[in-house]
Amino acid sequence: MDAELFPRNRTEIAPGAVHLPDWLTPERQHGLVEACRDWARPPAGLRTVRTPGGGTMTSRQVCLGRHWYPYGYASTVVDGDGAPVKKFPAWLGELGRQAVRDAFVNDAPTGEGPAAGAEAPPYATALTYDIALINFYDADARMGMHRDSDEKSDAPVVSLSLGDTCVFRFGNTESRGRPYTDVELRSGDLFVFGGASRLAHHGVPRVHAGTAPPDLGLTGRLNITLRVSGFPTADPVTG
Ligand SMILES: O=C(O)CCC(=O)C(=O)O
Ligand SMILES: [Fe+2]
């Protein structure tokens, strides 16, 4: 690990919102980048998202389990090639549960990947993650302040970062403005927001180009958020 003047520790940014630096091992990061490359291929691959006002999002996106479009979920790419959304793999759901377990255990280690045998909060094992939104950011991409509010479940959102470092702005539930906290998310970092922070506004005002770990083989930034849809008709996941 790089020598740091100030070590990066587990930090509770707001009630229910936790940053765990270096949660993913380099090997796990590599595996996730490879998986993202596969998911990004058509059909139902990486696409530019058009907003109802006629704008476009600068990050590009691919979804698993359910297709997100502004502002809802569908089983096909209704605002793209029309193909069925790719399956959400069971192993990704297990990673989501592990993330929640580690995020809400105070002494979760960092730099060693998921903690083995950490005691789970009682609800963590029952969380059925079934949606992934994967955003790819090039050097100029941003994401405006928004809330993740199209899910019908209040389960925590699990966010995994790969590649370039970004500024992640984590705000409040009332407005897109202050108060907010800017957090640097680097490759391998985990951020989980649930509880009182589940509907907090957040965004990505800046990506620091060229900061990805050289060995990762990724130019740009990938972010994977795992969500529980809470939809009664959610398709079963596959391995
Ligand atoms: O890229 C990020 O870190 C945040 C992504 C996000 O907020 C979203 O996908 O809803
Ligand atoms: Fe979001």
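Among contacts in the chain between residues at least 6 apart in sequence, 75% join residues at least 24 apart; two residues are in contact if their C-beta atoms, placed from the backbone, lie within 7 Å. This is a predicted model, in which local features need pLDDT of at least 70 and side-chain atom pairs count only at pLDDT 80 or more, while totals for chains, interfaces and linings use all residues. Residues are numbered from 1 along each chain as its sequence is written, and chains are lettered from A and ligands numbered from 1 in the order in which they are written.

**The whole chain**

Begin with a cartoon view: the chain has 2 helices and 14 strands, taken as DSSP runs numbered from the N terminus (helices H or I, at least four residues; strands E, at least two). Of the 239 residues, 38% count as buried. A residue is buried if 20 or more other C-beta atoms lie within 10 Å of its own, exposed if 12 or fewer, and partly exposed in between.

**The nonpolar core**

Next, select Val100, Ala103, Ala132, Leu190 and Val192, which touch the most other members of the 53-residue largest nonpolar core. Such a core is a set of buried Ala, Val, Leu, Ile, Met, Phe, Trp, Tyr and Cys residues joined through C-beta atoms within 7 Å. Centre on Ala103: not counting residues up to four places away in sequence, Ala103 touches Val18, Leu20, Leu190 and Val192.

**The annotated site**

Now select His146, Asp148 and His202, where UniProt places the feature "binding site" in an unreviewed entry; such annotations may be inferred rather than shown by experiment. These residues span 57 residues in sequence, yet no two of their C-alpha atoms are more than 8.7 Å apart, so they gather at one spot.

Asp148 is found in the loop between strand E8 (143-146) and strand E9 (157-163). Asp148 is partly exposed, with 17 other C-beta atoms within 10 Å. Beyond four places in sequence, the contacts of Asp148 are Val157 and Arg227.

His202 lies in strand E13 (residues 202-208) and counts as buried, with 26 C-beta neighbours inside 10 Å. With neighbours within four places set aside, His202 is in contact with Met145, Phe168, Arg169, Phe170 and Gly171.

**Ligand 1**

Finally, display ligand 1 and the residues near it (C-beta atom, placed from the backbone, within 6 Å). Leu133, Asn135, Met143, Asp148, Ser159, Phe168, His202, Val204, Asn223 and Thr225 surround the ligand. At least two residues of this shell come from each of strand E7 (131-137), E13 and strand E14 (221-227). Colouring by residue class gives 4 nonpolar, 5 polar and 1 charged.

Methods:
Nonpolar A, V, L, I, M, F, W, Y, C, P; charged D, E, K, R; others polar.
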